[in-house]
Amino acid sequence: RCWLSDEGLAPLRAGVGGTGLLYRVEGRARRGDGDRGGEAALLRCELDGLPLHEASGVAYSSTTTGRHHACGHDGHAAMLPAALALLHAHRERWSGAVCGLFQPAEETGTGAHAVISDCGAMAALEAAGGVNNAFALHNIPERPLGQVLLRPEGTMARASTGLRITLRGSQSHAAMP
């Protein structure tokens, strides 16, 4: 049983890209022309812990052996349902739609591909009206509470799939390279 169910929300689709969930909240306010339509945005969060043992000792440490929410995946997976519940509770005040995607396998780099390759999820999203924009955020736990970091252009807090450096040179002593 999911907390969002208690808030009156049911997934548009479960099992997205493996273990993901897709929600859609419709605003009910009418725009100036009387239409309740409008653009739809997709908000994404990851939901998997890292495959690491957590030894932080903090009160909210992971209780699952081999799972660690080092960069705040627990925060991400809490912010999205809170946003969806808030939007749902106030849907009379806005128009358009907001979709919420709980994406699996973000850390392995396979999750986005699995979601996009999930034809059932893409068909469900398209049948519900599609999306015009997609957004994700990353929390940085060491920043002060309430601080928001923005970058006007480009990617911020992006993972790397690897880096290979080849050095060519002459041998030397480590103290005098």
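Buried means under 20% relative accessible area, exposed means over 50%, and partly exposed lies in between. Keep these cut-offs at hand for the exercises below, which explore a predicted model.

**Exercise 1.** Find how far apart the closest N and O atoms of Glu26 and Arg24 are, and decide whether each residue is buried, partly exposed or exposed.

*Solution.*
- Step 1: The closest N and O atoms of this pair are 2.6 Å apart, and the two residues form a salt bridge.
- Step 2: Glu26 has a relative accessible area of 41%, so Glu26 is partly exposed.
- Step 3: Arg24 has 16% relative accessibility, so Arg24 counts as buried.

**Exercise 2.** Work out which parts of the chain are tied together by the salt bridge of Glu92 with Arg28.

*Solution.*
- Step 1: In this salt bridge, the closest N and O atoms are 3.0 Å apart.
- Step 2: Glu92 sits in the loop between helix 2 (73-89) and strand 4 (97-103), while Arg28 sits in the loop between strand 2 (20-26) and strand 3 (40-46).
- Step 3: The pair therefore links parts that are 64 residues apart in sequence.
- Step 4: Glu92 counts as exposed at 51% relative accessibility, and Arg28 is partly exposed at 39%.

**Exercise 3.** Look at Arg44 and Glu46: what is the N to O distance in their salt bridge, and is Glu46 buried or exposed?

*Solution.*
- Step 1: The side chains of Arg44 and Glu46 meet at 3.2 Å, N to O.
- Step 2: Glu46 has 1% relative accessibility, so Glu46 counts as buried.

**Exercise 4.** Say how many salt bridges the model has.

*Solution.* A salt bridge needs a side-chain nitrogen of Lys or Arg within 4 Å of a carboxyl oxygen of Asp or Glu. By this rule, the count is four.

Definitions and conventions:
Residues are numbered from 1 along each chain as its sequence is written. This is a predicted model: local features need pLDDT of at least 70, side-chain atom pairs count only at pLDDT 80 or more; totals for chains, interfaces and linings use all residues. Side-chain values use heavy atoms; hydrogens and water are left out. Buried means under 20% relative accessible area, exposed over 50%, partly exposed in between (1.4 Å probe, protein chains only). Helices (H or I, at least four residues) and strands (E, at least two) are DSSP runs, numbered from the N terminus.
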